[in-house]
Amino acid sequence: MALLKVTELSVNYGVIPALRGVSFEVNEGEIIALIGANGAGKTTTLHTVTGLIPSAAGRIEFMGKDITKVPAHKIVSMGMAHVPEGRHVFPDMTVYQNLLLGAYTVKEAGKRDSILKEVYEHFPRLKERERQLAGTLSGGEQQMLAMGRALMSDPRIILMDEPSMGLSPIYVNEIFSIIEKVSKAGKTVLLVEQNARKALTIADRAYVLETGKITMEGAADDLLHDDSIRKAYLGE
Amino acid sequence: MVSFITNLINGLSLGSIYAIIAIGYTMVYGIAKMLNFAHGDVIMVGAFAAYTIISTMGLPTPVGILAAIVCCTLLGIAIEKIAYRPLRNAGSPLAVLITAIGVSYFLQNGAMLIFGSDTKMFSSVVPLQTLSVGPFLIPGTTIVSILTSVILVSVLQIFINKTRPGQAMLACAQDRAAASLMGISVNNTITLTFAIGSAMAAVAGVLLCSAYPALSPTTGAMPGIKAFVAAVFGGIGSVPGAMVGGLLLGVIEILSRAYISTQLSDAIVFAVLIVVLLVKPTGLFGKVIQEKV
């Protein structure tokens with residue numbers, strides 16, 4: 001059974017359709033990449049899955065439960081975390097406070113502390129900057145904080161929206177290697193990326209989204225060597 | 001010199017009442033991103049609740065104060081749920097602003113319907129007699145007002161910084177979407193904010209009418225506007241800013257009433273606001289809002 005199963009999902013912004021019958025599946029332990037151009041509906045897909053925007057039609061199932069109408073704040077405690085595009089850290093709080101808010105749904109202090117330790121192992125930089133205000137971090141550090149904060153809820157699946165956007169090449173590499181590490185540590189990852197090459201390199205499977213529809217899917221390696229993908233998304 | 005210090009103390013007393021009201025304004029603005037222009041009228045409702053229990057029904061004063069707090073808290077929650085929540089995702093922020101003005105009129109006219117428009121004499125809830133310290137005469141209400149505001153602000157600061165719901169409020173104020181992705185219910189947090197702000201408004205109402213005992217359905221209007229000015233003055237959205245803004249406003253008002261002109265005192269208060277905003281548009285403690293590119 002798929003951990004996350006999206007069936008015929010449609011979303012409209014006013015009268016404009018943003019998603020038109022999108023279906024995909026994420027199995028436990030996989031890294032799934034969702035690639036596509038600007039405006040294809042990648043972010044909309046993630047926002048709808050985590051309940052930030054309502055769907056017009058279709059069904060979203062998480063661990064076999066229908067979560068189509070569940071509001072965002074209730075989805076977190078079910079085991080799904082979302083690292084939003086543009087990072088959205090709380091700028092006037094310290095790194096530590098941001099991470100604690102990430103564990104808002106984790107009630108036992110002991111569990112919270114042990115997750116925090118794990119997160120600091122993934123992101124030693126965050127530990128160094130523990131007392132610094134999040135708004136004063138560099139873009140790459142803020143991305144790490146956003147990812148660490150999402151991990152603090154101890155999710156089964158983590159949805160990441162454009163984690164490499166606007167980062168220098170060094171940070172891009174670092175972020176992608178952390179995603180792989182997080183995946184190896186047992187988290188399922190749904191990754192939305194414009195950097196298709198990088199995303200396909202670390203993903204198990206991938207879906208290609210074009211103007212609100214899935215136009216292609218398959219093993220990431222196959223897509224990486226597919227001519228039409230190479231032309232459209234890999235700049236070759 | 002003696003009269004100046006007496007005036008200063010009176011100013012701080014009035015200012016601490018403004019501060020309590022201004023904190024309600026500023027918290028709601030910071031978290032719900034709306035100006036609740038009905039906030040001043042909640043003060044009036046609190047004062048009438050206390051008046052009804054204490055003067056009309058003859059029950060003990062603490063019962064009256066408690067009733068005022070409970071009544072305003074419930075009122076604040078009801079206003080938020082019935083009037084503002086349905087408009088939260090409406091396209092224009094003006095919709096909720098206009099609704100707030102509507103709620104304000106609704107409360108004023110509702111009070112007029114129930115209590116009539118004539119001014120009631122509110123008997124002070126403060127049992128303390130006027131204190132003479134050296135050459136200074138300090139009314140009991142003054143001491144109680146200042147103490148109450150200091151206690152309320154301290155408790156509120158601890159609540160915001162040390163508790164889970166407090167952190168949820170801070171998170172919602174900074175980034176609502178991100179807050180809901182942390183598992184925080186934005187709607188519940190906003191309701192809590194209205195509840196706290198309205199409870200504080202009840203306390204302010206009782207203190208205000210103890211210091212200035214005339215109570216009518218429009219009693220809350222002017223203090224409401226002044227507290228709004230105080231909140232803007234201190235930097236809207238900032239709790240310490242509202243506290244300082246409220247105190248300064250009270251002092252400026254009383255000093256200009258004493259030394260410049262009674263009639264012009266309100267004008268001077270608003271003139272000071274204009275000057276502050278010209279020099280520092282974000283208010284004293286306000287943050288520069290960065291436009292995201």
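Which residue stands opposite A:Val6 in strand 2 of chain A? Look for A:Phe24. What you have here is a predicted model, where local features need pLDDT of at least 70, side-chain atom pairs count only at pLDDT 80 or more, and totals for chains, interfaces and linings use all residues. Residues are numbered from 1 along each chain as its sequence is written, chains are lettered from A and ligands numbered from 1 in the order in which they are written, and side-chain values use heavy atoms, with hydrogens and water left out.

Strand 1 (residues 4–13) and strand 2 (residues 16–26) of chain A pair in the antiparallel sense over 7 bridges. Strands here are DSSP runs of E, at least two residues long, and helices are runs of H or I with at least four, numbered from the N terminus; two strands pair if DSSP finds at least two bridges between them. The two form a hairpin with 2 residues between them, and A:Gly14 in the turn has a positive phi of about 65°.

Put together, 4 strands of chain A make an open antiparallel sheet in the order 2-1-4-5. Strand 2 and strand 5 (65–66) of chain A are the edges with a single partner strand each, so one side of each has no neighbour in the sheet.

## The six-stranded sheet of chain A

There is also an open sheet of 6 strands in chain A, ordered 6-7-8-3-9-10, with mixed pairing. Its edges are strand 6 (80–83) and strand 10 (213–219) of chain A; each has a single partner strand, so one side of each is left without a neighbour in the sheet. From one strand to the next, the twist averages 15°. (Axes are lines fitted to C-alpha atoms, for helices over the stretch in contact, and angles run from 0 to 180 degrees between N-to-C directions.)

Strand 6 of chain A runs parallel to its partner, strand 7 (residues 157–161) of chain A, over 4 bridges. In that pairing, A:Ala81 has A:Ile158 as its bridge partner. Helix 6 (residues 139–151) of chain A packs on the sheet, touching strand 6 and strand 7 of chain A (contact means heavy atoms within 4.5 Å), and its direction makes about 170° with that of strand 6 of chain A.

## Helix 1 of chain A

Helix 1 (residues 42–49) of chain A turns up in both stories. On the six-stranded sheet, helix 1 touches strand 3 (31–36), strand 6, strand 7, strand 8 (188–193) and strand 9 (205–210) of chain A, at about 145° to the direction of strand 7 of chain A. Helix 1 of chain A also lies across strand 1, strand 2 and strand 4 of chain A, running at about 110° to strand 1 of chain A.

## Where chain A meets chain B

How many residues does each chain bring to the contact? Chain A brings 19 and chain B brings 17. The two chains bury about 1800 Å² between them, 62% of it on carbon and sulfur atoms. (Buried area is the accessible area, with a 1.4 Å probe, that two parts lose on being put together, summed over both.) On the chain A side, A:His73, A:Phe90 and A:Tyr104 supply 37% of the area buried against chain B, more than any other three residues.

Between chain A and chain B the count is 0 salt bridges, a salt bridge being a side-chain nitrogen of Lys or Arg within 4 Å of a carboxyl oxygen of Asp or Glu. Helix 2 (72–76) and helix 3 (95–102) of chain A each supply at least two residues of the side that touches chain B.

## A salt bridge inside chain A

Over all chains, the whole structure has 17 salt bridges. One pair is A:Lys187 and A:Asp154, whose side chains meet at 3.0 Å, N to O. This pair links distant parts of the chain, 33 residues apart: A:Lys187 is in the loop between helix 7 (169–184) and strand 8 of chain A, and A:Asp154 is in the loop between helix 6 and strand 7 of chain A.
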